[in-house]
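Trainee: Before we discuss the architecture, may I see the sequence and the structure together?

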Amino acid sequence: MQTVTAAFTAEERDTDRKIVQSTQIAWKKSYKNTIVFFTIGVSTIGGTDLIPSADSSPSQWNYYQYDNDSSYVTGLAYERELQEPTGGLTAGMAEAQFNNTDGRYTPRTFGGSSAIFTAVEKPGRPFVINAGFNYSGIDNSIPQFVGLTDRPPKIDMRGRTTAIQGTDFVGFLQNQYVDNTAMFTGQRTDQIIASTLATLGFSTAQYELDTGINIVPFAEITAGNKFGPFIHKLVQAENGNFYQDETGKLRFQNRQAWNNAPYNTVQRIISTGQVIQQSNPNYDHLINVVEVVSKPRAKQALQIIHNSTPGNLIKANSTLELFLSYDDPILQVTSPTSGGANSYYLTNSLADGTGTDLTANVSIKSISNFAKASKVVFQNNSSSSDCYLSKLVISGRPAKITDDIYIRQQDDSSVTAYAEHPFKIDNEYIGSQDWANSYAQMILGDYSEPNKLQNITIRAIPELQFGDMISWQGRYWRIYGIKTKLDDSTGYVQELKLVQKIIVNYFRIGFSTIGGTDQIAP
Amino acid sequence: MSFVLSGTTIKAPQSISETNNTQVSQIRTLGGNITRDYFGSNKRQWIMSYKTINSTDFTTINTIYQTYLTTGTTVSWVISETNYTVSSTLVHIDLAQRSFSTLGTDYLSEFTLTLTEA
């Protein structure tokens with residue numbers, strides 16, 4: 001939960017609330033890295049130094065020069081929802097509607113001539129939404145959304161309205177493509193995410209990562225693929241969550257994050273005087289049979305990864321390019337040499353490998369290694385003798401499938417009552433039977449009974465965040481989805497998705513203490 | 001003691017109606033209480049009726065209206081009567097209809113001037 005004053009809380013519970021919002025968009029995407037952030041004791045009040053984002057760490061998006069479009073706003077909507085029950089990558093979405101009576105949002109192609117008429121149709125514009133209440137005559141708003149527009153605005157010339165839509169930075173990063181294949185061995189989830197974010201150009205001030213509990217024996221993200229599915233799968237294996245919070249900070253939370261402060265205390269007690277609607281989802285969410293499937297890979301000792309008798313001709317004073325494919329991702333390749341012990345090649349005067357041994361005439365000109373392939377260039381240094389590549393042996397360290405995990409668990413009483421509602425997780429980053437068992441057990445604990453999920457629509461409490469524990473109807477619930485609307489017909493309301501989540505610490509070597517409260521995984 | 005629109009004193013109307021215009025969402029919660037969310041501040045509207053107005057007084061008002069339409073810029077509105085005052089407020093102008101009750105040479109007219117706080 002974001003920190004707010006007692007006066008803010010009092011206003012949000014008031015029967016008559018004055019709603020305020022601040023919507024700012026960097027239409028021209030002007031970036032000013034000379035902006036200096038306010039430092040107490042150094043900066044002067046009334047000077048040019050800017051107050052940074054609410055989480056106290058200046059983020060990159062603070063450096064854009066924003067237009068204040070608040071007075072044009074007629075409606076706002078934004079939402080985030082964690083990927084229950086498995087966790088994973090969560091992208092937030094937002095939409096803002098503007099009054100376009102004066103033509104501010106009319107683009108050049110529609111005959112517009114406003115100050116932003118050339119920029120209004122371009123995607124990727126950073127925007128910031130804050131919202132809150134006016135009390136004591138002062139607007140008090142807190143961060144709600146930071147993101148980028150992801151499509152051209154919806155322009156309604158007859159209705160004189162324009163709407164923009166966008167996603168947060170998770171939406172941005174999940175669609176970025178990988179330029180170079182990267183492999184990770186024996187690293188925690190957070191270590192792999194940190195490395196991936198660094199590749200994408202995120203600075204450490206822009207994210208906060210819990211220490212991962214799952215240690216991934218081997219992970220690979222290959223060139224040409226998107227970052228999103230890779231991070232999603234990693235985080236899903238952890239049963240954690242990766243999302244961007246209201247202040248614009250990227251967060252990775254492990255499966256035990258909600259056990260610790262401030263998540264282990266009730267943040268807000270919700271009364272019926274704040275609730276507008278209460279509904280229960282159907283049985284689609286019910287899970288009483290869980291199957292976990294995984295074929296994890298791990299780095300192996302040095303071994304032969306290629307052994308062939310190619311028989312290719314290498315003409316005198318010429319080169320031969322040979323592409324080799326491997327069955328598994330290769331972490332290390334020992335370049336073959338003419339007299340190598342584990343990696344070597346042989347050449348002969350005849351194609352069948354007989355005749356004179358001409359290996360001494362041939363050298364390796366170059367070798368390029370890829371994730372599952374190598375390109376080897378041989379050079380025949382003889383000016384007169386052709387030869388044949390009769391033998392090629394290459395050693396390396398592959399990442400082989402080391403296990404074939406399959407577990408199936410069910411909640412018998414739930415199956416009896418509601419019939420089977422199966423759920424399958426197939427994730428190669430789940431590295432052990434123990435981890436798969438505890439994973440299945442946690443899902444059954446949370447989702448085998450239908451009354452553990454509920455949706456409520458409330459008069460907005462803007463400081464609420466994912467994982468906050470709230471008390472409602474005498475029970476404790478966790479927030480896993482927040483959908484906010486702010487307009488003059490609906491009011492300022494939030495639809496909260498709630499789960500009665502059981503959080504169990506399962507014993508993990510290296511993390512848990514003997515005699516502690518962590519349970520042994522079933 | 002005057003009615004000043006866009007810096008020009010206009011004739012006092014025969015009657016004035018001032019209305020409040022709030023933007024509010026009213027919600028009834030499960031607890032039964034009715035709650036309200038207000039968006040923006042209250043905006044006032046003045047509906048002023050003019051009867052048997054000579055063409056000079058009408059032209060004064062109509063000139064301001066036409067300028068407003070041309071420029072698309074809100075204008076200031078001030079009332080400084082003894083017991084009714086409005087401090088300087090930016091307003092939109094509507095002057096929808098003019099009708100003539102007395103023809104002859106004077107063409108005295110009736111119309112309604114509507115000013116809406118911006």
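Mentor: Let us begin with a definition: a residue is buried if 20 or more other C-beta atoms lie within 10 Å of its own, and exposed if 12 or fewer do. Please bear in mind that this is a predicted model.

Trainee: By that criterion, what percentage of the residues of chain A count as buried?

Mentor: Chain A has six helices and 32 strands, and its C-alpha atoms fill a box of roughly 100 × 65 × 50 Å along the principal axes. The chain has 522 residues. The share of them that counts as buried is 38%.

Trainee: Are helix 3 and helix 4 of chain A roughly parallel or roughly antiparallel to each other?

Mentor: Helix 3 (residues 189-200) and helix 4 (residues 227-238) of chain A pack with their axes 10 Å apart, at an angle of about 165 degrees. Angles over 145 degrees count as roughly antiparallel. The two helices of chain A are therefore roughly antiparallel.

Trainee: Which class gives seven residues to the contact of helix 3 of chain A with helix 4 of chain A?

Mentor: Helix 3 passes helix 4 of chain A in a left-handed crossing. From helix 3 come T189(A), I192(A), I193(A), T196(A) and L200(A), which meet F227(A), I231(A), L234(A), V235(A) and E238(A) of helix 4. Two residues of this contact are polar and one is charged, while the class that gives seven is nonpolar.

Trainee: Turning to the interface, which element of chain A gives the most residues to the side that touches chain B?

Mentor: In total, 18 residues of chain A are in contact with twelve residues of chain B. Strand 1 (16-25), strand 16 (275-279) and strand 32 (491-499) of chain A each give two or more residues to this side. By class, the side has four nonpolar, nine polar and five charged residues. The element that gives the most, with four residues, is strand 1 of chain A.

Trainee: What is the bridge partner of K18(A) in strand 5 of chain B?

Mentor: Strand 1 of chain A pairs with strand 5 (residues 34-39) of chain B in the parallel sense, over four bridges. Within strand 5 of chain B, the partner of K18(A) is Y38(B).

Trainee: Which strands stand at the edges of the open sheet in chain B?

Mentor: Seven strands of chain B form this antiparallel sheet in the order 2-1-7-8-9-6-3, and the twist averages 35 degrees from one strand to the next. Three antiparallel bridges join strand 1 (residues 3-5) to strand 2 of chain B, where L5(B) stands opposite T8(B). Each edge strand has a single partner, so one side of each is left without a neighbour in the sheet; these are strand 2 (8-10) and strand 3 (15-21) of chain B.

Trainee: At about what angle does helix 1 of chain B run to strand 8 of chain B?

Mentor: Helix 1 (residues 55-71) of chain B lies across several strands, including strand 6 (43-53), strand 7 (75-80) and strand 9 (108-117) of chain B. Its angle to strand 8 (85-102) of chain B is about 120 degrees.

Trainee: Is S99(B) buried or exposed?

Mentor: S99(B) lies in strand 8 of chain B and touches S109(B) and E110(B), leaving aside residues up to four places away in sequence. It has 9 other C-beta atoms within 10 Å. Because the limit for this class is 12 or fewer, S99(B) is exposed.

Note on methods: Residues numbered from 1 in each chain as written. Chains lettered and ligands numbered in written order. Predicted model: local features only at pLDDT ≥ 70, side-chain atom pairs only at ≥ 80, totals over all residues. Contact = placed C-beta atoms within 7 Å. Nonpolar A, V, L, I, M, F, W, Y, C, P; charged D, E, K, R; others polar. Pairing = 2+ DSSP bridges. Axes fitted to C-alpha atoms, helices over the stretch in contact; angles between N-to-C directions. Parallel < 35°, antiparallel > 145°, perpendicular 65-115°, else oblique. Left-handed = near helix turned anticlockwise from the far one by under 90°.
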